Amino acid sequence: MAPIAGLLNPLAVTVPVEAVLFDIDGTLCDSDPLHHVAFQELLLAIGYNNGVPIDDEFFINNIAGRSDAEAAQNLFPDWPLEKGLKFLEDKDVKYRSLAMERLEPVKGLHKVVQWVKDHGYKRAAVTNAPRINAELMIKLLGLSDFFQAVIVGGECEQPKPAPFPYLKALKELEVSAAHTFIFEDSASGTRAGVAAGMPVVAVSTRNPVKSLQEAGAALIVSDYEDQKLWNALEEIDREEAKLKNGGA
């Protein structure tokens with residue numbers, strides 16, 4: 001999305017901002033390495049890939065940001081879907097035990113959370129993760145009282161990269177796409193946000209910048225301390241101040 005004439009960044013088109021939406025895995029917390037470890041351990045136990053551990057590239061291309069059904073089909077195209085989903089459930093049990101010990105927020109997360117709270121914007125978490133995982137991560141990050149809704153892709157018509165989870169978040173918060181923006185980290189999630197009609201800030205936690213660009217990210221930042229992000233948020237502040245002052 002190109003900057004609009006007269007504005008320094010594409011997020012400013014959402015002024016006056018009504019809501020900010022957040023993905024969870026890789027966006028709120030750097031959880032992909034924990035998922036990767038859980039997958040590696042369980043896949044090695046069944047002799048997957050002739051006992052050769054899956055690497056980062058395989059994880060990004062086949063698992064990261066995908067719904068359980070899509071990940072299961074990518075991993076086990078010859079298995080019945082139900083069997084693949086059972087494997088994913090077992091992986092999630094392992095992941096939750098790792099998360100309890102090692103889950104960390106993305107750098108600068110609590111600074112941007114405070115910015116959203118200070119502005120009184122509505123907020124929701126929108127994820128393809130199972131609800132039990134989503135709620136655990138939110139709790140471990142100390143954000144249980146921050147989010148006004150938690151939208152799970154598996155409870156929607158279709159998960160990301162379809163737009164339905166983000167459209168459901170707009171409906172639950174009673175806000176419009178024109179005045180909402182999104183934080184994401186995966187190409188799949190970015191496509192979902194773009195398809196739902198909102199600008200997406202992509203946090204390049206683990207996913208290649210090129211894939212995020214191709215998915216249509218409006219802004220790509222390294223983490224929540226990236227000055228590019230704060231330049232964009234400060235532009236929102238200036239535009240909103242102009243509105244309050246009658247456009248002066």
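Tutor: Residues are numbered from 1 along each chain as its sequence is written. In this predicted model, local features need pLDDT of at least 70, side-chain atom pairs count only at pLDDT 80 or more, totals for chains, interfaces and linings use all residues, and side-chain values use heavy atoms, with hydrogens and water left out.

Student: Why is His-36 called buried?

Tutor: Buried means under 20% relative accessible area, exposed over 50%, and partly exposed in between (1.4 Å probe, protein chains only). His-36 has 9%, so it counts as buried.

Student: Where does Ser-222 sit, and what does it touch?

Tutor: Ser-222 is in the loop between β6 (219-221) and α10 (227-244); helices (H or I, at least four residues) and strands (E, at least two) are DSSP runs, numbered from the N terminus. Not counting residues up to four places away in sequence, Ser-222 touches Val-203 and Ser-204, where contact means heavy atoms within 4.5 Å.

Student: Which residues does His-36 contact?

Tutor: With neighbours within four places in sequence set aside, they are Ile-54, Asp-55, Asp-56 and Phe-59. His-36 itself belongs to helix α1 (residues 32-45).

Student: What makes the span of α1 close to the expected one?

Tutor: The expected span is 1.5 Å times one less than the number of residues. With 14 residues, α1 reaches 20 Å from first C-alpha to last, close to the expected 20 Å.
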